[in-house]
Amino acid sequence: MSLFWVMIPQLAEIQEQMASSKKVIMREEWEKRLNHIRIRKEEMNKLVMNFLVTEGYAEAVAKFRMETGTEPDMDVAMIMDRMAVKEAVQCGNVEDAIEKVNDLNPEILDTNPELFFHLQQQRLIELIRNEKIEEALEFAQEELAPRGEENQSFLEELERTVSLLVFKDVSNCPVRELLDISQRLKTANEVNAAILTSQSHEKDPKLHSLLKMLIWAQNQLDEKATYPRIKDFLKATLENPAV
């Protein structure tokens, strides 16, 4: 993680120094430049804490706070409430999730019709998953169809979802991915982001933005130099430049 942090200012500095022709920077010189950059441990701890808070690891937040003295920018109880909503969606308990969201802040769903539709769509998917066909058809007609009449994209999503009922063997259905756990996770993450926004907190961890900045900086520098770049971001190891 620290390598990501120090790479960005280093890449920016090197890019300014490059001439029009590509320059080859060997590993020894590159690492020497990196070693001259110092990042305060407190800043790294804040980055970690931001990730834990945003992703909702309440227990890890409390433990990291005790170990490092880094204060979270959100109360642990608020994190746990948000995670209760997310976990309800992930378990297929969408009605419970909607109630919990309204308990937190009714304006979240009142002011976000797309999110509310996706939650209702997930309710329909769960009814179909549990083979409650009559209830699914009734729910689609009463709760989702009126919204589809007002919004073309909602109508298309409703039609895709209802098409699950046409196939006895959903493995042959072209939209069978709606029944995958990944669909629950997608909806859960959308709810999580909406709650964070309502609490004046960024939707994504700063680490994600930092990684995007690193990728962008490397792509920019690729045009002007050959240098030890990071290709495997999981291991965050430098690769020797091809000369």
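Q: Where does A236 lie?
A: A236 lies in the segment after β2 (225-226). Keep in mind that this is a predicted model.

Q: And is A236 buried or exposed?
A: A236 counts as buried, because its relative accessibility is 17% and the cut-off for buried is under 20%.

Q: How far is A236 from E67?
A: Their C-alpha atoms are separated by 25 Å. Along the chain, A236 and E67 are 169 residues apart.

Q: Next, A217. Which helix is that in?
A: A217 sits in helix α12, residues 206-222.

Q: Buried or exposed?
A: A217 is buried, with a relative accessible area of 6%.

Q: What's the distance from A217 to G56?
A: C-alpha to C-alpha, A217 and G56 are 29 Å apart. In sequence they are 161 residues apart.

Q: Switching to charges. How many salt bridges are there?
A: The structure holds 14 salt bridges.

Q: Give me one. What does R33 pair with?
A: R33 forms a salt bridge with E29. The closest N and O atoms are 3.2 Å apart.

Q: Why are those two about one helical turn apart?
A: Because R33 and E29 are four residues apart in helix α2, residues 27-35.

Q: What about D96 and K100?
A: Their side chains meet in a salt bridge, 2.8 Å from N to O. D96 and K100 are four residues apart in helix α6, so about one helical turn separates them.

Q: What are the accessible areas there? Start with D96.
A: D96 has a relative accessible area of 30%, so D96 is partly exposed. K100 is partly exposed too, with a relative accessible area of 28%.

Q: And E95, what does its side chain meet?
A: The side chain of E95 meets that of R123 in a salt bridge, at 3.3 Å from N to O. This pair links distant parts of the chain. E95 is in helix α6 (residues 94-104) and R123 is in helix α8 (residues 113-129). They are 28 residues apart.

Q: How accessible is R123?
A: R123 has 22% relative accessibility, so R123 counts as partly exposed.

Q: Which residues are linked in a network of salt bridges?
A: R40, E42, E43 and K46 are linked that way.

Q: Now the surface. Which residues gather in a patch of negative charge?
A: The patch is made of E134, E135, E138, E142 and E143.

Q: Take E143. Where is it found?
A: E143 is found in helix α9, residues 133-150.

Q: What's the relative accessible area of E143?
A: The relative accessible area of E143 is 34%, so E143 is partly exposed.

Q: Last topic, cysteines. How many disulfides?
A: The count comes to zero disulfides. The rule asks for cysteine sulfur atoms within 2.5 Å.

Q: C91, buried or exposed?
A: C91 counts as exposed, because its relative accessibility is 54%. The cut-off for exposed is over 50%.

Q: And C173, buried or exposed?
A: C173 counts as buried, at 0% relative accessibility.

Terms used
Residues numbered from 1 in each chain as written. Predicted model: local features only at pLDDT ≥ 70, side-chain atom pairs only at ≥ 80, totals over all residues. Heavy atoms only, no water. Buried < 20%, exposed > 50% of the residue type's maximum accessible area, 1.4 Å probe, protein only. Patch = residues over 30% accessible without salt bridge, like charges linked within 9 Å, V, L, I, M, F, W, Y side chains within 5 Å. Areas by Shrake-Rupley, 256 points an atom, 1.4 Å probe, with all protein chains shown as cover. Salt bridge = Lys/Arg side-chain N within 4 Å of Asp/Glu carboxyl O. Lys, Arg positive; Asp, Glu negative; His and termini not counted. Charge placed at Lys NZ, Arg CZ, Asp CG, Glu CD.
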